[in-house]
Amino acid sequence: MKHRYLSGVATLRLTSEKCTGCGRCMEVCPHGVFAMHEHRAHITALDSCMECGACAQNCAFGALSVKSGVGCAVAMINGLMTKGDPDQGSCDCGGDSGSCC
Amino acid sequence: MAINHSSGSKGKDVKDFRECGPGTHSFRLSPTLTFADRLGGIMCRTSNKFRMNYKITPGLYTLGNPGKSSPVLVSCNYRLSLNMLRSVLGDRDIWILVIDTKGINVWCAAGKGTFCSSEIARQLSACDLNSKVTHRTLILPQLSASGVSASKLQKMTGFTVKFGPVRATDIPTYLDNNNTATPAMRRVRFFLRDRATLIPMELIPAFRKVGLFLLIAAILFGATRSGIIYIKAIAGVAPFAVAGVTAVFTGSLLAPLLLPMIPGRAFSLKGFITGSIGAISIILLLPDYSSNPLFATFCIVAVPAFSSYLAFLFTGSSTYTSPSGVKAELKIVWPLYLVSAGISMVLLVMIVIRFWRPS
């Protein structure tokens with residue numbers, strides 16, 4: 001069965017004019033978010049995006065942007081409890097918690 | 001550990017390893033996993049402390065007898081990853097450049113920024129890879145892409161960067177097909193067996209939390225001025241132990257295992273659904289406990305909420321949850337968790353007071 005996470009939340013954006021169709025984003029995306037159409041990348045499965053940031057990191061032409069991070073509740077709860085901001089937390093890989101990013 | 005110095009005598013222990021500098025030797029890896037390696041694999045899935053220290057010295061390693069044109073793979077220094085890598089590559093001749101990720105796996109290290117271009121470049125020059133191979137291609141794990149910019153690394157080192165498949169088991173096919181991966185090889189999966197492997201590390205911390213709660217409950221039920229009456233403590237705590245174990249079972253075992261089959265997309269919702277089934281089961285199957293309306297209420301409030309919380313924590317172990325999604329879940333469920341915890345504690349105190357009232 002296919003895994004599906006929340007829809008309409010991913011922050012991935014593609015500026016089509018900057019895309020050269022090199023295909024690097026398709027190479028690095030672990031969830032098949034992109035497809036190539038007429039020598040340009042297109043986002044065809046936005047809701048599958050887990051915002052890992054691999055595509056934006058590897059787009060040499062700055063066509064992709066995403067607010068990347070690790071979708072880990074432990075990290076966010078840590079951030080919320082210690083700093084009052086879910087974005088400020090880090091996962092406890094190495095701490096007492098079992099979950100790892 | 002079946003790793004030997006490539007030019008030295010056989011049987012050198014891993015402790016003899018040192019960082020390889022210019023002109024120094026690489027270290028030979030065996031494609032066969034020993035009993036200790038397999039045991040280490042199990043330990044990594046059950047002990048966080050063991051896992052965090054299951055490292056290998058960074059440097060240049062060899063499988064078989066690689067020459068000037070043999071492929072160069074780059075990997076992290078988490079020993080479990082390297083064990084997997086060497087066991088699937090069989091008797092091929094390959095260079096493996098192991099970089100220092102502080103013993104963390106590729107994907108997490110890339111996310112944390114330790115699996116990065118500058119570390120690869122540093123290790124590459126420390127091991128003098130330029131003199132060991134004539135080609136200029138590095139094969140990186142696909143999941144390192146969130147930490148490595150291929151174009152930047154290429155500029156830094158002069159090596160062309162290729163991203164290999166997600167899973168190590170696909171590397172032989174990838175190499176045989178002239179360094180090309182099929183779309184399927186590029187996708188992260190999260191099969192039942194992948195999720196099952198992660199269960200022990202979900203259960204252990206969950207049971208720890210329940211244990212702490214039961215300890216507090218036991219003190220409330222059993223404590224008197226002259227010490228703890230154990231019979232009373234056990235009798236009072238027993239229903240709460242059942243509730244706690246049920247929530248752990250539904251939140252940290254059922255929800256992760258049955259993940260795609262449970263309705264809803266939010267992990268917290270999935271855990272709430274399994275937890276509700278758990279709470280209803282307690283009420284129906286244990287009438288002795290649930291005949292106490294306060295305890296029945298406790299079950300209905302606490303079990304689904306705690307189960308939901310535990311399932312929500314599994315987002316960190318999953319392979320497809322986005323930070324935006326987790327944050328959206330957190331915003332909704334966090335206040336609900338706090339309210340449920342508050343009500344549960346009030347109910348516990350009420351049950352304790354009734355327990356102590358002389359009948």
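How many salt bridges does the structure hold over all chains? The structure, a predicted model, holds nine of them over all chains. Here a salt bridge is a side-chain nitrogen of Lys or Arg within 4 Å of a carboxyl oxygen of Asp or Glu.

**Figure 1. The salt bridge between B:D37 and B:R86.** The closest N and O atoms of B:D37 and B:R86 are 2.8 Å apart. This pair links distant parts of the chain, since B:D37 lies in helix 1 (residues 35-44) of chain B and B:R86 in helix 3 (residues 79-88) of chain B, 49 residues apart. Helices are DSSP runs of H or I with at least four residues, numbered from the N terminus. Both B:D37 and B:R86 are buried, where buried means under 20% relative accessible area, exposed over 50%, and partly exposed in between (1.4 Å probe, protein chains only).

**Figure 2. The salt bridge between B:E119 and B:R122.** The N to O distance between these side chains is 3.0 Å. B:E119 and B:R122 both belong to helix 5 (residues 117-126) of chain B, where they are three residues apart, about one turn of the helix. B:E119 counts as buried at 10% relative accessibility, whereas B:R122 is partly exposed, with a relative accessible area of 42%.

**Figure 3. A network of salt bridges linking A:R24, A:E27 and B:R186.** Side chains of opposite charge can pair when their charged atoms come close.

**Figure 4. The cysteines A:C59 and A:C22.** A disulfide is a pair of cysteine sulfur atoms within 2.5 Å, and the count over all chains is zero. The closest cysteine sulfur to that of A:C59 is in A:C22, at 6.2 Å, which is too far for a bond. A:C59 is buried, with a relative accessible area of 17%.

**Figure 5. The second largest pocket and its lining.** A pocket is an open set of points on a 1 Å grid over the protein atoms alone, where a 1.4 Å probe fits, with protein on both sides within 12 Å along at least five of seven lines; lining residues have an atom within 4 Å of a point. Of the 23 lining residues, B:K209, B:F213, B:F306, B:Y309 and B:A341 lie nearest the centre. Helix 14 of chain B gives the most to this lining, with seven residues.

**Notes.** Residues are numbered from 1 along each chain as its sequence is written, and chains are lettered from A in the order in which they are written. In this predicted model, local features need pLDDT of at least 70, side-chain atom pairs count only at pLDDT 80 or more, and totals for chains, interfaces and linings use all residues, while side-chain values use heavy atoms, leaving out hydrogens and water.

How values were computed. Helices (H or I, at least four residues) and strands (E, at least two) are DSSP runs, numbered from the N terminus.
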